[in-house]
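Thanks for coming. I have one structure to go through today, and I will keep it brief. Please have a look at it first.

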Amino acid sequence: MDYPAPIASLIEELRRLPGLGPKSAQRLAFFLLKARNEDNKRLASAIETLSDRVGLCERCNAFTDLAICFICTDPSRVDTVVCVVEEPGNIMAVDRSGGYRGRYHVLHGALSPIHGIGPDELRIQGLLERVREGLATEVILATSPTVEGEATAIYLARLLKVLGVKVTRIATGIPAGSDLEWADEVTMTRALEGRREF
Ligand code: ZN
């Protein structure tokens, strides 16, 4: 049985969202069908205004509804450290730890020659300009511990070191609360490489 056209097209749109297979998309569509009309209208308008009101921070490329985002203007943060991440969502992941009070820079991707993503597709120039301004004394490369993330970190490290800034890479290894037994070889190797003295 085919769904009525409006439901079918809603399911089709929902399936574009990450992590939603056909079954979850159908479940969501039926949830929305039963929801109150005003709730659905609010959801629709929130989605509609997204691209109108949210852009990229002129300084760090994070998502913001201001020219310069609130992290870049926060006076309680230090300008001496810049943490480089692949995606805007990664900022929250680093910041949630509460252990970092510096600035950020978002690349919007990682180097991936097979997918046609070279240095020109990433927001690298802005980072180099920020370092040239001279406020930062350390750049933390917090790209993912994937092949692409590692390649990006190595590429950036080479460019940044020339500018005379200290370049560090986040440690990777065994997740807290997990058993060593379940660590794969790459994770174990990285954990040993990143060991520190007590
Ligand atoms: Zn910003």
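Let me start with a question: in which hand does α1 pass α2, left or right? Before the answer, a word on what we are looking at. This is a predicted model. Mean pLDDT for the protein is 93, with 99% of the residues at 70 or more.

Now the answer: the crossing of α1 past α2 is right-handed. Two numbers describe the pair. Helix α1 covers residues 5–14 and helix α2 covers residues 22–34; their axes come within 9 Å and cross at roughly 125 degrees. That angle is between the 115 and 145 degree limits, so α1 counts as oblique to α2.

Who makes the contact? From α1, the residues are I7, L10, I11 and L14. From α2, they are A25, Q26, L28, A29, L32 and L33. By class, this contact has nine nonpolar residues, one polar and no charged.

Stepping back to the whole chain, the protein contains eight helices and six strands. Reading from the N terminus, the order is α-α-α-β-β-α-β-α-β-α-β-α-β-α.

Last, the overall dimensions. The C-alpha trace spans about 65 × 45 × 35 Å along its principal axes. The radius of gyration is 21 Å, whereas a compact globule of 198 residues would have one near 16 Å.

That is what I have; questions are welcome.

Terms used
Residues numbered from 1 in each chain as written. Predicted model: local features only at pLDDT ≥ 70, side-chain atom pairs only at ≥ 80, totals over all residues. Heavy atoms only, no water. pLDDT = per-residue confidence, 0-100. Axes fitted to C-alpha atoms, helices over the stretch in contact; angles between N-to-C directions. Helix = DSSP H or I, 4+ residues; strand = E, 2+ residues; numbered from the N terminus. Parallel < 35°, antiparallel > 145°, perpendicular 65-115°, else oblique. Left-handed = near helix turned anticlockwise from the far one by under 90°. Contact = heavy atoms within 4.5 Å. Nonpolar A, V, L, I, M, F, W, Y, C, P; charged D, E, K, R; others polar. Rg over C-alpha atoms; globule rule 2.2 N^0.38 Å.
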